[in-house]
Amino acid sequence: MANKFGKIISKVNRMPRFMRSFLLTKIFCSTVKYAGTSSIKLISVSNTKAVLSLENKKKVQNHIGGVHAIAAALLAESATGIVFGMNVPDTCVPLLKSMTFHFQRRMQGNLSAVAILSLAEIEQIENADKGSLMVSVEITDESDQQPIVCEMEWAWVTKRR
């Protein structure tokens, strides 16, 4: 793993399977408070893939009973940020550069997000002091359809001393 965050995730992933999601969620939500407020749940995390979910509870609903757009954006940002952040060296800082959302239809029920980095993208992060890339994320709802198509551009730069 490229950094301290990756080492922590690696330790959690060696724990018994029934504990992993709980521990991953606890670690992430203790750092990213708003994710905890919205009750985002980490299902699984590796250096190439992050799977997260968000239940359609009252505290994240919009005026028509679906998941609010900003809660869905938080889910996408969290999934992409986790998989991206696992691969950024400790000498650099990850930054969200841009995010674009295209709402295709009304969201139905709970949401899940799957963010993926290819080995070529990981190599790009490891071999450059700074750069940016689009991190793939797919958001689906309970109908197994994509109500949102999003693009998340993440950058990394060397930390200031």
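**Notes on the predicted model**

1. I64 is partly exposed, at 44% relative accessible area (buried means under 20%, exposed over 50%, and partly exposed in between, using a 1.4 Å probe and protein chains only). I64 belongs to the loop between β2 (49-54) and α4; helices are DSSP runs of H or I with at least four residues, strands are runs of E with at least two, and both are numbered from the N terminus.

2. Residues are numbered from 1 along each chain as its sequence is written, and side-chain values use heavy atoms, with hydrogens and water left out.

3. Next, the largest pocket, with a volume of about 550 Å³. A pocket here is an open set of points on a 1 Å grid over the protein atoms alone, where a 1.4 Å probe fits and protein lies on both sides within 12 Å along at least five of seven lines; lining residues have an atom within 4 Å of a point. Grid points are joined across faces, edges and corners, and the volume is the space filled by probe spheres set on them.

4. Who lines the largest pocket? There are 21 lining residues, and F5, T31, G81, G85 and P94 lie nearest the centre. At least two lining residues come from each of α1 (4-12), α2 (17-31), α4 (69-85) and β3 (92-103). The biggest share is that of α4, with 6 residues. Sorted by class, the lining has 12 nonpolar, 5 polar and 4 charged residues (Ala, Val, Leu, Ile, Met, Phe, Trp, Tyr, Cys and Pro count as nonpolar, Asp, Glu, Lys and Arg as charged, and the others, Gly among them, as polar).

5. Of its 17 residues, 14 are buried, so the helix is mostly covered. The geometry checks out too: at 1.5 Å a residue, α4 should span 24 Å, and its end C-alpha atoms are 23 Å apart, which agrees. The expected span is 1.5 Å times one less than the number of residues.

6. On to the aromatics: the structure has 3 aromatic pairs. Rings of Phe, Tyr and Trp (its six-membered ring) pair if their centres lie within 6.5 Å; planes under 30 degrees apart count as stacked, over 60 as edge-to-face and the rest as tilted. F84 and W156 make a tilted pair, 6.0 Å centre to centre with 50° between the planes. F84 sits in helix α4 and W156 in strand β6 (residues 148-158), so this pair ties together parts that are 72 residues apart in sequence. Both partners are buried, F84 with a relative accessible area of 0% and W156 likewise at 0%. F101 and F103 are a stacked pair, at 6.3 Å and 20°. Here F101 is buried at 19%, whereas F103 is partly exposed at 45%. F84, W154 and W156 together form one aromatic cluster.

7. Where do the cysteines stand? A search of the whole structure turns up 0 disulfides, with a disulfide taken as a pair of cysteine sulfur atoms within 2.5 Å. For C29, the closest cysteine sulfur is that of C150, 19 Å away, which is too far for a bond. C29 is buried at 14% relative accessible area, and C150 is buried at 8%. Also in α2, you'll find F18, which is exposed at 72%. C-alpha to C-alpha, F18 and C29 are 18 Å apart in space and 11 residues apart in sequence.

8. Finally, a couple of backbone angles to glance at. Most residues other than glycine have a negative phi. S39 has a positive phi near 65°; this serine is in the loop between α3 (33-37) and β1 (40-45) and is partly exposed at 26%. Phi of D144 is also positive, near 60°. D144 falls in the loop between β5 (131-140) and β6, and at 67% relative accessibility D144 counts as exposed.

Definitions and conventions:
This is a predicted model: local features need pLDDT of at least 70, side-chain atom pairs count only at pLDDT 80 or more; totals for chains, interfaces and linings use all residues.
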